[in-house]
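Let's take a walk through a protein model, starting with the whole and then stopping at a few places worth a look. Keep the 3D view open as you read.

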Amino acid sequence: MSSPIYPFESFQTNRMSCLAIGNFDGVHYAHQKLLREMVTSAQQHSWESYVLTFEPHPRKVIQTTPQFHLLQSYEKKYETLIGTGIDGVIVANFTKEFSSTCPVHFLEILCTKIPLKSVYIGFNFRFGKGAIGTPLAMRSFLEPKNILCHIFEPIELDGLKISSAFLRNEIASGHIDSYWRYTGRPYCVEEKVITGSDRGNKIGYATANLQSVNPLLKHGVYIAQTTLADSSVHRSLVHVGPNPTFDDPKIKTEVHIPGFAGNLYGQFLKVEFMKYLREIQIFENVKALQGRISQDINSMGDYFKNRGIL
């Protein structure tokens with residue numbers, strides 16, 4: 001069976017199944033452990049395995065927190081989830097009406113849509129109106145129906161509890177390598193290249209200006225690797241933030257690929273952030289800025305050489 005994405009409202013199967021429920025933002029190692037155990041169990045019993053997740057994220061609907069930002073786009077999250085070996089992703093349209101569903105009614109709907117054999121959730125999962133449904137309440141409802149309810153406790157790595165909130169804080173603090181360490185993937189953005197001021201080209205370091213700025217990223221200069229539309233992969237430096245040396249307060253994401261002279265306008269770039277290199281500085285003149293960029297390029301080269309990348 002392929003690994004499609006299904007709308008929750010119309011989803012129905014008659015195959016015995018395991019189901020993981022949650023937001024899975026970032027699909028970090030704690031998520032991966034839960035999913036790995038579910039997929040293994042499903043394969044051992046010839047059952048199917050699905051993830052039920054929510055779009056938009058419940059916090060964007062219930063709390064409307066302006067500074068809350070996702071680690072991945074919904075599309076990238078679904079792609080990552082499918083890559084874990086599940087049979088499909090079920091996406092519930094999370095609205096205020098959906099959030100007001102009685103917890104018991106929500107579980108009854110699940111049981112009518114899917115012949116469940118087991119459900120997998122995190123220790124802090126909440127569901128139903130007012131988020132009053134708890135993992136233990138779910139277990140109490142499901143187990144009399146001979147449906148196992150696996151509740152996963154938090155995972156600690158390096159003495160730290162791994163969670164999506166932890167990773168957001170790490171990224172915002174410039175610890176971009178933590179995302180790679182605790183998900184197995186570099187932090188990534190995919191954006192279209194738009195026309196910029198051409199300032200970089202004029203000083204000898206042309207940049208590709210991305211259409212939007214990821215609000216999670218700390219302002220500064222990053223070492224990255226960038227994949228172009230032709231699938232070629234390049235070492236790169238990425239500047240996120242304003243350009244105070246030129247009295248330019250506009251927040252931008254600018255990608256410099258040393259040695260590349262092609263036209264990238266209109267292309268979508270995949271930028272994987274490897275390391276936070278330094279904070280934004282104000283330089284006395286263009287020559288001083290050029291000297292610093294040259295140093296950054298050398299630091300980038302050392303980084304990749306020491307890690308045997310590219």
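A word on the ground rules before we set off. This is a predicted model, so to speak of local features we need pLDDT of at least 70, and side-chain atom pairs count only at pLDDT 80 or more, while totals for chains, interfaces and linings use all residues. Residues are numbered from 1 along each chain as its sequence is written, and side-chain values use heavy atoms, with hydrogens and water left out.

First, the big picture. The protein has ten helices and 14 strands; these are DSSP runs numbered from the N terminus, with helices being H or I of at least four residues and strands E of at least two. Its C-alpha trace spans about 75 × 40 × 35 Å along the principal axes. Of the 310 residues, 46% count as buried, where buried means under 20% relative accessible area, exposed over 50% and partly exposed in between (1.4 Å probe, protein chains only). If you take the contacts (heavy atoms within 4.5 Å) with a separation of 6 or more, residues 24 or more positions apart account for 72% of them.

Now find a pair of helices. Two packed helices are described by the angle between their axes and the distance between the axes. For helix 5 (residues 103-113) and helix 6 (residues 135-142), the axes come within 11 Å and cross at roughly 50°. Axes here are lines fitted to C-alpha atoms, for helices over the stretch in contact, and angles run from 0 to 180 degrees between N-to-C directions. Who does the touching? On helix 5 the contact is made by Val-104, Leu-107, Glu-108 and Cys-111, and on helix 6 by Met-138, Phe-141 and Leu-142.

Next, look at Ile-90 in strand 4 (residues 88-93). Ile-90 is buried, with a relative accessible area of 1%. Leaving out residues up to four places away in sequence, Ile-90 touches a set of residues including Tyr-6, Phe-8, Leu-19, Val-51 and Ile-114. Ile-280, by contrast, sits 42 Å from Ile-90 in space, C-alpha to C-alpha, and 190 residues from it in sequence.

Finally, the charged pairs. Side chains of opposite charge can pair when their charged atoms come close. The model has twelve salt bridges, each a side-chain nitrogen of Lys or Arg within 4 Å of a carboxyl oxygen of Asp or Glu. One of them joins Lys-76 and Glu-190, with the closest N and O atoms 2.8 Å apart. Lys-76 lies in helix 3 (residues 74-82) and Glu-190 in strand 9 (residues 187-194), so this pair ties together parts that are 114 residues apart in sequence. Lys-76 is partly exposed at 22% relative accessibility, and Glu-190 is partly exposed too, at 42%.

Is the pair of Asp-296 and Arg-278 buried or exposed? Their side chains meet in a salt bridge at 2.9 Å, N to O. Asp-296 lies in helix 10 and Arg-278 in strand 14, so the bridge ties together parts 18 residues apart in sequence. Asp-296 counts as buried at 2% relative accessibility, and Arg-278 is buried at 11%.
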